[in-house]
Amino acid sequence: MGEPVVQAVVEEAPEPADFRWVGAILAGLTAVWLAMNEISLLAAGFLAEGGSSWAFNGMSGPLALKQYSGWHDKLTGEQLDGWLPLLAIYLVLDLVFIAIYVPALRRFIATGPVLVLAGIDVVEDLLMYWLGSRRCGAGDCVPAASAVILAVVTTLKWLAFLAVLFLLVRDHWSTIKAAVPRIRRALWIQRFSLLAFLPLGLLAIVPGTDVLDQLPDVQRRWLDNGTGVGQALIAAFLYYAVLLPAIFLLGRLRADWAVRRVRGEDHEWPFYNQNGDKRRHNLMLWLIGPILLPAIAVVIAVSGQGEVFKRRLIVFCLIPLLVLGLSQLLRDRPGVHPKALRPVGSWFPRDVMIAGDMISVTAVSLGGLGMVRAFAALAAGDAVGLFDSSYAVHPTVALVTGVVLAIGTWLVSWPVLKAIKRWGQPETTGVLGWYGRIATPGVNPSGATVVDVAPRSKIRVGFVLGASAAMLLLGLFPRRFADALGVLASTLLALATLVILVGVIVAYAQERQPPEVFQTKWLRMRATPIISLLVFAMVATALIGGKTEVHPLTGTGALPDRPTMQKAFDAWVAQAGCTVPLDGGLSLRPMMMVAAEGGGIRATYWTASALETLSSSGTGCAKKSVLFSGGASGGAFGLTVARYTDKPLAAVKAMAGHEALGAATISLLSSDLLASTVGLRFDAAAEYRTPSRQPLDRAGLMETAWERKVPELRRPFLPDDGNADGAMTGQLILTTSAVRNGCRALVSQVDLSEGARSADGAPVCGAGVAGAHDYDLFASYGRTAERSDAGCLGNPQALTAGLLASRFPYVTPSGVVGSCGELKPAQLVDGGYTDNTGIGTIVDLAPSWGALVRAHNDKVLTAGTGEVIVPLVIYIENGTGKDYSVGNDDPVDGIGNTFKPGTNLPAVPELLVPPATKLISAKEDGTNDRALLREARTAAAAQLCSESSACATLRGDLPNLVYVISQSTQPSLSAPLGWTLSQSSQNDLDQDLALQRQNQCGPTCPGYGTLKDLLTTLGQDPHA
């Protein structure tokens, strides 16, 4: 007989909590603070006379007494026209902040201290605006005494804040002390609900630059055009209609477990039923994976639409089979029993339910707070005339939407939770009754509260089947989902699928005794260690599986012949370039060597923009003035794009969309995870490669997504003839890092094999002409007619080589070259681990290019006629730091390159590659860009010619030998380090380059020349 229908709930479910006002106040304070912080960062872009800048947060921060001199910094009248309105917006927001925290604090401590804090805060705001209005473009118009008074008032404000904080903690210490353990326990029970959104939530709201700006910039892309608006709506639908209900129900499932845990404590539920029977694990469930996964493997093998990594599949399937087999053998053996349950109080179920409910509401609120962070500075800058107003949706609309979501969600939470409780009553029928009962902890679908009934099995099965199907679909069609959904929605869907799948399995496993193998005296667990087993499986399959299976580096055929440095130099000399005539029969011919600093798509965009400006200015002779270029990470990728396209900036703009990053994030959480852990890899479309469908990891998905955008990049990295005629980069020598020992593996179009050797199955770092910290990857691992092992590397695609130098965690994985000859497989990652500047390559290769320049110039000077080659180092720096043209940081202590060989790591599991490289193999590696620039300038001067009177005369006529193209500090949004770039970030970088073309250091520059100086030196500046 089935369970009897019950007309009334026997035991009441936990009451939901009314946390709407607490949450709304905290969300409001956070929203205002995020907006103020973003506006403060925007204001820091106003450079005063002398190059100093000052953020609003510094004016009102705890160190105001040390920074008040900033009030006397001189801004131009044009700058003040934007600065003062921004200050007004900032101060209005601060008044709103005060208006929120005063009534909130008065609920917890005495009114007097709160009003003192608020009063000082208001006085500070009034003084700040008054002093701000006194600033003038003519000079220092701010009274010195007033600036000191304001600094004192600000200091008093912070002292008052500390006093209020002390009173708050003192008056409620006993409550805090009692609550913290309970909160920690409840959050641990609800950890999977947290993991479903918290990573993205933190990336959205944690203030910062570089990588932390990627998600806000993804959101800013929504405003660029109608496609972006559509992606925003899709992301909102997935977030609020799919992810949020799933998080809420997952939280209520965990609360249901907590309710039954307390109600059944007298008979040790979930270990025993009320009649004393063991609640045993259904061991047959452990057969699902070992049956289903090989079946999928057979389908892949028969259809030829993917790869099966047999060792990984076997190892993964053996784990559940061992659990099943050993548990069956141990069943009913003496001494086999689970670890005793932890004691819990009657408060436990409600704590767990409140934690789950608050997590659900927080997930919505964080989405709104992320929009506040993304759009606050954009809306403020647009309001004061700093930014372009051409948006598909005005940023103010997006900002207000974010504020409503952040705060309004908390305000409606209580009515919604009360309604769900009403729906859970037996008298409610239909869909609402069904939903109310599955969302009410401790209530069975029939309305009864019998503890021992298997709770919500259909819901769990639905979650597991739905998440499993979604995982397979994402793994099969990552690019289609990414193209349709955009970056944020793709990531939300992939992350939610993974977390819900694991979370529901864990929830089921905790409702009964763990399998007997975990009940032995050696383990004695109280719950099935699902997560531990998954982690063990990931590590085991990574160690046992083939080293090149999941993330192989591929290439076609044998490598074509590459020119040596001598041949590359001779070919460069033979083509026409820029020349500057001198007296007599001599002329100067600049030979540029370009170093591009790394930094994701921002560095790619900046590098492409700088090179296009150089190559297209004046007569265009600069395009043929580069001998070679080197770089790492995004800088190397920008060089790769510029090597094969005449319009690299347009190419990067096309590549800066959502498609590549969206596919990569989906693959990270689905297809790559399946390949590395389970051993199943599905084919993906590669329309411009052979074959047109092939197994691709997330790096390959990004490369092929970009190949769809830029036809010129659908080509091999190494040209058949080895020439770089007309390429604005010259030959490419890109930097990647070897995980094994932190050595730099050069992905070079120039043959640097002379003197190379190997030992102990790896190339010897620093042997031969490749440089003291490097080896030539193609020379060591390249496929030739004499060395044709399957693991040897053929000629890779251009984007494969470029991205190999740009594999930063965790969006892109390491790339693995197979065994080649006596060499073991090599695991390679982003060149930024060892030299993010690219200058190190130029310095390390100075003996090679320097000898050629010196020999050529000695002949020309002896003859008294001809072109004297002047080596110039061009550093495309990816940042808004100090002004390199000032030169006040020279001389620089220390050396530019540091490298300590000796660490020899074996193959490292992918999850551990970044920390292993950073903290172990490349721990002693590093570069100092200013020290490297000094060494580059010394090398360029020393290699010019042999000592002679003619050489000494020539040195006196030389221009600056080192130029730095850096991003200007100005009021702007920070462009992110990632793989998408919004139009507002592109506009920011375009404005930076325009300023670089205007700013000149001049002939007597104490530091390094600017872009304008370089164009002048080349004779290509139309305004010189």
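How many bridges pair β1 with strand β5 (residues 680–685), and is the sense parallel or antiparallel? Three bridges link β1 and β5, and the pairing is antiparallel. Keep in mind that this is a predicted model.

## A three-strand sheet

Let's stay with β1 and β5 for a moment. In this pairing, Glu307 has Arg681 of β5 as its bridge partner. The two strands belong to an open sheet of three strands, ordered β1-β5-β6, with antiparallel pairing.

The edges of the sheet are taken by β1 (306–308) and β6 (693–695). Each of these has a single partner strand, so one side of each has no neighbour in the sheet. Going from one strand to the next, the twist averages 25 degrees.

## Strand β7 and its cover

Now over to strand β7, which spans residues 731–738 and is mostly covered: eight of its eight residues are buried. As a general point, side chains in a regular strand alternate between the two faces of the sheet. For β7, one side holds Gln731, Ile733, Thr735 and Ser737, while the other holds Leu732, Leu734, Thr736 and Ala738, and all of them are buried.

## Who pairs with β7

Strand β4 (residues 626–631) runs parallel to β7, and four bridges join them. Here Gly631 sits opposite Leu734 of β7. Leu734 also stands opposite Val747 in β8. That strand, β8 (residues 744–748), pairs with β7 in the antiparallel sense over five bridges. The hairpin of β7 and β8 has five residues between the strands, and in it Gly742 takes a positive phi near 75 degrees.

There's also strand β13 (residues 826–830), which runs antiparallel to β7 and is joined to it by three bridges. In this pairing, Thr736 is found opposite Asp830 of β13.

## Two helices side by side

On to the helices. A packed pair is described by the angle between the axes and the distance between them. Helix α11 (residues 226–263) packs against helix α19 (residues 487–509) at an angle of about 15 degrees, and their axes are 10 Å apart. Because angles under 35 degrees count as roughly parallel, α11 is roughly parallel to α19. The crossing of α11 past α19 is left-handed.

So which residues touch? From α11 come Ile234, Ala235, Leu238, Tyr239, Leu243, Ala246, Leu250 and Arg254. From α19 come Ala489, Leu492, Leu493, Ala496, Ile500, Gly503, Val504 and Ala507. Sorted by type, the residues of this contact are 14 nonpolar, one polar and one charged.

Notes. Residues are numbered from 1 along each chain as its sequence is written. This is a predicted model: local features need pLDDT of at least 70, side-chain atom pairs count only at pLDDT 80 or more; totals for chains, interfaces and linings use all residues. Side-chain values use heavy atoms; hydrogens and water are left out. Buried means under 20% relative accessible area, exposed over 50%, partly exposed in between (1.4 Å probe, protein chains only). Two strands pair if DSSP finds at least two bridges between them. Axes are lines fitted to C-alpha atoms, for helices over the stretch in contact, and angles run from 0 to 180 degrees between N-to-C directions. Angles under 35 degrees count as roughly parallel, over 145 as roughly antiparallel, 65 to 115 as roughly perpendicular and the rest as oblique. A crossing is left-handed if the near helix is turned anticlockwise from the far one by less than a right angle, and right-handed if clockwise. Contact means heavy atoms within 4.5 Å. Ala, Val, Leu, Ile, Met, Phe, Trp, Tyr, Cys and Pro count as nonpolar, Asp, Glu, Lys and Arg as charged, and the others, Gly among them, as polar.
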